[in-house]
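Thanks, everyone. Please look at the structure first.

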Amino acid sequence: MTIVDRILCRPCIFCAIADGSIPTTLIYKDDKIAAFNDINPAAETHILIVPVDHVKSVKTLTTDHIPLLEKMHQKGIDLLRERGHNPEQSRLGFHVPPFNTVDHLHLHVVGGAMKSNFRKLKYETGRMWYMDLTQLHATLDKKRRLQEGARL
Ligand code: 5GP
Ligand code: ZN
């Protein structure tokens with residue numbers, strides 16, 4: 001949440017879903033992550049997986065977040081398999097700001113038939129607007145190397 005949101009008491013919608021203050025059916029929850037269906041699904045299965053503690057977006061991540069990201073990704077794969085989807089043929093990813101609409105990190109877990117060609121493009125990994133875990137790893141490694149270089 002930004003300081004302006006805090007001052008104006010504008011709550012973060014995904015914090016509120018994860019902590020139960022906005023009633024939403026949670027598919028999964030533990031002390032680190034929560035999963036729930038997207039309100040406007042792009043495909044037959046469209047689940048969002050969020051960290052319980054607020055993280056703004058892929059832009060604010062560091063390599064310290066990798067265990068959390070791996071956990072979110074593994075849960076996404078498990079949920080896809082439970083629903084009969086092949087994770088290799090599914091679309092797990094993060095929209096990169098400014099192509100996101102909610103400023104609380106969320107992994108889209110999109111499986112099965114897509115609702116439109118536009119949605120196919122919107123959730124197509126390898127595009128500058130939609131990053132999968134492999135791309136995110138590479139970006140975080142690069143960020144870490146640059147920061148280490150700057151300290152030398
Ligand atoms: P983004 O555009 O940031 O990548 O994705 C945000 C996603 O959150 C969208 O797919 C949108 O449909 C979903 N979303 C926004 N508000 C709510 C809400 O209140 N409940 C649920 N379940 N999903 C939401
Ligand atoms: Zn939040």
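I start with the largest cavity, whose lining divides into four nonpolar, five polar and one charged residue. For these classes, Ala, Val, Leu, Ile, Met, Phe, Trp, Tyr, Cys and Pro are nonpolar, Asp, Glu, Lys and Arg are charged, and the others, Gly among them, are polar. The lining is made of K56, S57, V58, F94, H95, N100, V102, H104, L105 and H106. About 50 Å³ of space lies in there, and the structure holds one cavity of 30 Å³ or more.

Some housekeeping. This is a predicted model, in which local features need pLDDT of at least 70 and side-chain atom pairs count only at pLDDT 80 or more, while totals for chains, interfaces and linings use all residues. Residues are numbered from 1 along each chain as its sequence is written, chains are lettered from A and ligands numbered from 1 in the order in which they are written, and side-chain values use heavy atoms, with hydrogens and water left out.

On a 1 Å grid over the protein atoms alone, a cavity is a set of points where a 1.4 Å probe fits but cannot get out, and a pocket is an open set with protein on both sides within 12 Å along at least five of seven lines; lining residues have an atom within 4 Å of a point. Points are joined across faces, edges and corners, and a volume is the space filled by probe spheres set on them.

Now the largest pocket, with about 510 Å³ of space. Of its 23 lining residues, D38, I39, L48, T101 and V102 lie nearest its centre. By class, the lining has 11 nonpolar, nine polar and three charged residues.

What takes up the space of the largest pocket? That is ligand 1, where sitting in a pocket means that more than half of a molecule's atoms lie within 2 Å of its grid points. Around ligand 1 are 16 residues, with D38, H95, T101, H106 and H108 nearest; a residue counts if one of its heavy atoms lies within 4 Å.

Oxygen atoms of the ligand lie 2.5 Å from an N or O atom in the D38 side chain, 2.8 Å from one in the H108 side chain, and 3.1 Å from a polar backbone atom of V102.

Last, the second largest pocket has a volume of about 210 Å³. Its lining has four nonpolar, four polar and four charged residues, including H73, R81, E88 and D132.

Key
Polar contact = N/O pair within 3.5 Å; in protein donor to acceptor, adjacent residues only side chain to side chain.
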